[in-house]
Amino acid sequence: MSVRQNLLAAIVAAMVAVAASPASSQVLRYANQGELKSLDPYTLKETTTIAHHAHVYEGLVGRDKDLKIVPALAESWETLDPTHWRFHLRKGVKFHNGDPFTADDVLFSADRVRANGSNFLSNVPGDAKFVKVDDYTVDVMLSAPNPILISQWDGWYIMDKKWSEEHDSIAPTPASATTPSYAALHENGTGPFIIESHQPGVKTVFKVNPNWWGKPEHNLKEIIFTPIASDATRVAALLSGEVDVIEPVPIQDIQRVNASGVATVMNGPELRTIFLGMDQARDELLYSNVKGKNPFKDIRVREAFYKAIDVDLIKNRVMRGLSTPSALMIAPQLFALSKDFTRPKADIDGAKKLMAEAGYADGFEVTMDCPNDRYVNDAAICQAVVGMLARIGVKVDLLAQPKAQYFGKVLKPGGYKTSFYLLGWTPASQDSHNVLHDILGCRDDPKDPTRGEANLAGYCNKELDALADKILVESDTAKRDQMIKQAFEIAIKDWAYIPLHQQALSWGVSKKVKLTQRADNQVLLYWATKQEE
Amino acid sequence: MSDAVVPHKTDAGAPAAHASASGWFTRVIESDLFYSFCRSKLTITAALVTLLFFLLAIFAPLISVQNPFDPAQLQLINSRIPPLWTADGQTPFLLGTDEQGRDVLSAILYGLRISLVVGVLGVAFSGALGILLGLIAGYVGGAVDSLIMRIADVQLTFPAILIALLVNGVVKSVFGNRLDAASMLGVLVLAIGLSFWVQYARTVRGSVLVEKSKDYIAAAQLIGLPAPVIMLRHVLPNTMSPILVIATINLALAIITEATLSFLGSGMPDTMPSLGTLIRIGNNYLFSGEWWIVAFPGFALAALILSINLLGDWLRDALNPKLR
Amino acid sequence: MLAFTLRRMIQAIGVMLAVGIIAFAMFRFAGDPVNQMVSIDTSAAERAAIRKSLGLDDPIIVEFAHYFANAAQFKFGVSYQFRLPVADLLKERMPATLELATCATILAMVFGILMGVYSALRRDTLLAKAFQAISLIGISLPTFLIGILLIYLFSVTLGWLPSFGRGEVVKIGWWSTGLLTLSGLKALIMPSITLGLFQMTLIMRLVRAEMLEVLRTDYIRFARARGLTTRAIHFGHALKNTLVPVITVTGLQFGSVIAFAIITETVFQWPGMGLLFVQAVQNVDIPIMAAYLLMVSLIFVTINLVVDILYTVVDPRLRATISRPA
């Protein structure tokens with residue numbers, strides 16, 4: 001009897017032990033289309049890279065599964081007055097090499113992220129002064145109120161001052177350096193995982209950090225990341241069980257993956273808005289047969305283009321149902337009043353009539369610029385647009401190029417060399433102001449040279465700009481939302497842009513793995529659990 | 001990778017080299033070539049298939065239900081329809097449609113046109129260039145000869161695909177990224193032409209060296225015929241048979257090279273697809289069950305290349321007297 | 001002999017210089033590398049600063065002279081994407097490509113010679129015809145399609161072989177090898193077949209043609225007349241004579257194999273130089289592109305040089321004429 005009891009007790013104890021420490025015993029293999037190029041967290045502002053870094057580095061604030069801002073290395077913060085913020089840092093946090101995390105590291109990181117060579121300059125305002133109050137308190141002084149100060153701080157990771165200085169990595173890797181930066185090949189963060197080995201572009205191994213300050217929500221001991229650029233190979237690797245998670249699954253393969261029995265596809269709306277822009281700044285289009293005038297300056301032509309494009313058809317056919325047609329230039333998750341807007345239906349006859357009224361009954365010719373390796377089915381969407389515009393007599397010559405050439409041509413440094421183009425945009429601050437300022441703001445504002453930098457179409461309405469400036473400093477949410485609504489209404493009335501849709505997230509996940517999908521498309525495996533094998 | 005398809009020695013006595021206009025038909029019928037042709041059923045089939053492909057390409061607009069290069073004719077609503085004989089097939093799309101609502105059969109026919117144009121023009125260009133340089137090298141000799149042959153040596157080890165990528169890149173950088181579909185075609189012809197000229201040059205040069213020492217050339221020189229005339233009228237015809245063999249095999253290689261370039265993103269644009277581009281696009285649908293988007297273009301390409309290669313094989317064996 | 005070798009080496013350097021100029025000129029305008037290094041919402045001023053720091057605003061001559069001076073010392077600069085020295089990246093990726101290319105070549109030679117000999121000696125048998133057919137299909141399908149079909153069959157459907165990567169690798173000094181682990185060997189199978197198929201076809205046809213030709217020559221007839229066994233004639237004389245051109249061609253083709261590895265590596269995500277090059281082209285990573293072209297041409301030129309010199313050693317007649325037969 002007593003033996004039996006002892007045995008039972010032992011079993012129960014063992015079970016409790018197993019349950020208590022959710023045995024970090026699993027190895028998760030993950031493949032992404034893109035590669036992890038540098039481990040320096042300030043050199044490339046790109047979703048996949050930021051997500052990789054999130055496993056080893058942490059910011060003062062983070063974002064939870066619903067993208068709500070949550071405390072991370074800062075336990076709490078308050079605004080003493082609109083231009084004066086105070087952050088209370090988490091105590092007892094250690095970097096992977098054992099160095100303690102203190103206010104000095106925050107000050108150092110604030111300098112480093114705004115130094116030459118950083119790609120995250122806009123994440124931390126240049127006018128923000130960081131002041132150390134004590135080892136665990138930091139004050140931030142601003143020259144003007146900024147209610148969205150910390151909106152991009154989840155992507156600003158804190159680095160170790162001592163470690164960086166020791167390894168000559170005070171500045172983010174200067175691209176022109178002849179010797180590699182230590183920080184590009186090594187990491188020293190505070191996050192839940194430690195990078196054990198990193199072969200750029202080949203393989204990166206993450207090991208769990210046993211000394212992490214937080215409570216793990218995963219059961220992994222190791223993550224092996226491999227980039228697989230070829231779509232077919234990546235899907236094959238998932239189907240054959242060689243990897244557990246892939247991103248993205250090409251939408252045509254979703255059904256196949258779901259039917260495979262070994263993996264499923266997680267879908268959800270992404271925050272990125274895909275839209276079309278028409279050059280309305282130049283007096284004559286760069287690439288068109290219309291000479292001496294710019295047809296896109298005529299609001300009727302812009303409206304006709306808008307109405308000629310059937311986003312539902314694109315959704316059903318090109319996107320296989322995996323897109324959300326959009327009435328706005330921002331994703332509905334990011335703007336509370338989005339539901340007040342509906343997208344006008346496609347109307348070929350109406351479009352034809354408008355074209356005739358504008359004097360283009362026989363249409364005209366224009367070249368369309370399009371990336372072919374950037375967004376989900378980008379080139380296919382452009383081809384569909386070409387076909388739709390052909391029905392209102394517009395002959396579109398499609399120039400679909402790899403993103404390197406495409407961006408080189410159409411962006412500001414290339415001189416906005418485009419007449420008609422497709423682009424995608426995710427506001428980095430997850431806020432409408434970014435869209436109103438960067439895409440819908442007038443170019444060449446002498447007071448604010450960065451306004452309208454991504455406004456490749458050159459749309460300009462001073463009324464909207466004035467509203468955008470007020471929105472930036474308004475801290476009453478309800479009032480702010482009303483102003484944002486007003487601003488978007490102006491842009492819609494002007495037929496400034498043609499928003500198409502938000503594309504869908506598409507992650508392939510083995511049935512053995514449970515994962516949380518966040519709408520910003522960051523694959524965060526510290527929320528993954530994998531079944532025992 | 002044609003570089004290593006080693007041509008047979010050039011001293012092959014070429015039959016039917018100087019066929020005059022009259023009576024060529026009887027000559028053909030009585031020739032060894034025709035005899036050997038008729039003996040091989042495989043060769044006949046290959047020739048018929050090749051001919052069929054050329055005819056299909058030429059008459060593509062008459063056979064196709066739509067012009068797949070005209071976006072106005074593509075209906076997105078008709079996208080991804082399976083072939084006609086399957087349950088969901090729809091007329092008139094015999095082989096189904098792709099993502100853009102492009103009729104696969106029409107796309108193959110028009111793509112065939114592009115592929116053949118690139119192949120034929122590429123081969124013609126490389127042939128002309130190679131023959132010219134070979135004649136010059138062989139006839140002039142000396143420093144010119146060694147310069148041309150040195151370049152040829154180097155290029156022979158440099159794979160065609162890299163040269164094609166290089167030419168492609170240089171042209172793109174000179175003309176900027178603004179290249180329409182038609183000029184892209186020109187670039188491909190140029191790239192392929194520049195990668196395949198060496199074999200012709202070597203072969204022709206070899207024959208020129210052999211012929212140069214013969215008496216009839218001396219006689220021609222004696223009566224004052226200018227060098228170009230001698231070369232074109234007397235030397236060149238004697239090298240025609242190995243050139244024909246190389247050209248046939250290179251045609252197949254040129255078409256494959258175009259397809260490969262297209263896979264690497266340097267081929268024809270998606271709006272004006274060649275067979276290779278169609279396969280690259282269709283590749284994406286291999287796992288998704290829409291097999292017809294890649295299977296038919298792939299099959300067409302393989303059948304075309306196979307028949308051309310079979311013809312080339314037969315030609316080589318038939319024109320090589322040692323193998324008879 | 002020394003003068004000849006010297007002349008060839010000077011020519012080789014000339015070739016390298018030419019390749020350098022072409023590669024550099026080609027990629028100089030291929031796209032704006034800054035776009036690849038920064039996010040889309042980076043300000044114009046920031047971009048301009050990066051351009052300047054990369055030396056992209058220097059006159060092209062200055063830029064090129066600078067580059068070439070460094071390249072001569074195997075300093076290829078720093079990759080725009082990885083921010084690591086290109087020389088290190090190439091060194092890390094080279095073993096993968098060389099192992100793949102070597103395996104593919106060996107595979108091609110073994111099967112190519114076997115099939116070639118058989119189809120020459122048993123010209124009209126069914127098996128010989130089958131070999132011919134296989135060889136034709138091998139050159140009639142684009143490489144990338146063959147690779148994907150193999151993946152579909154052996155990885156997805158049958159689950160026998162890995163679809164990507166090199167498997168586990170073992171480090172021997174700086175050289176990483178996949179030949180010492182089971183997973184490494186398994187990972188090598190499909191890429192080697194895909195890459196070697198074309199070469200195999202080539203070798204098989206070459207062996208067949210050469211064998212047929214040699215078998216017709218007088219000394220073979222003489223050997224027969226002397227009453228040597230068929231086996232001795234075929235393998236002692238005919239095959240031996242056939243192998244010289246086969247080995248030459250295979251050697252010269254090694255460069256091609258490395259170049260064609262670009263496609264195979266892309267399909268199988270094989271972490272070699274070719275994959276690095278393709279990704280560099282997509283990202284306009286000029287230092288990697290230029291370094292790759294220089295490296296590959298260095299390999300070509302070296303092979304060419306060695307073959308040239310060997311030829312003159314083997315065949316004294318050539319010393320006088322200096323020109324190599326086709």
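Which strands of chain A does helix 3 lie across? Before the answer, the conventions. This is a predicted model, where local features need pLDDT of at least 70, side-chain atom pairs count only at pLDDT 80 or more, and totals for chains, interfaces and linings use all residues. Residues are numbered from 1 along each chain as its sequence is written, and chains are lettered from A and ligands numbered from 1 in the order in which they are written.

Helix 3 of chain A, residues 103-113, lies across strand 5 (84-89), strand 6 and strand 7, at about 175° to strand 6. Helices (H or I, at least four residues) and strands (E, at least two) are DSSP runs, numbered from the N terminus. Contact means C-beta atoms, placed from the backbone, within 7 Å. Angles run from 0 to 180 degrees between N-to-C directions, with axes fitted to C-alpha atoms, for helices over the stretch in contact.

Now the sheet. Chain A has an open sheet of 4 strands, order 4-5-7-6, with antiparallel pairing; pairing takes at least two DSSP bridges. Strand 4 (74-81) and strand 6 (129-134) are the edges. Strand 6 is joined to strand 7 (residues 137-141) by 5 bridges, and A:Phe130 has A:Val140 as its bridge partner.

Next, helix 7 of chain C, residues 143-157. Of its 15 residues, 11 are buried, so this helix is largely enclosed by the rest of the structure. Buried means 20 or more other C-beta atoms within 10 Å of the residue's own, exposed 12 or fewer, partly exposed in between, with C-beta atoms placed from the backbone. The buried set includes C:Phe144 and C:Phe154. Just after the helix, C:Gly159 takes a positive phi of about 70°.

Technical notes. Contact = placed C-beta atoms within 7 Å. Expected span 1.5 Å × (residues − 1).
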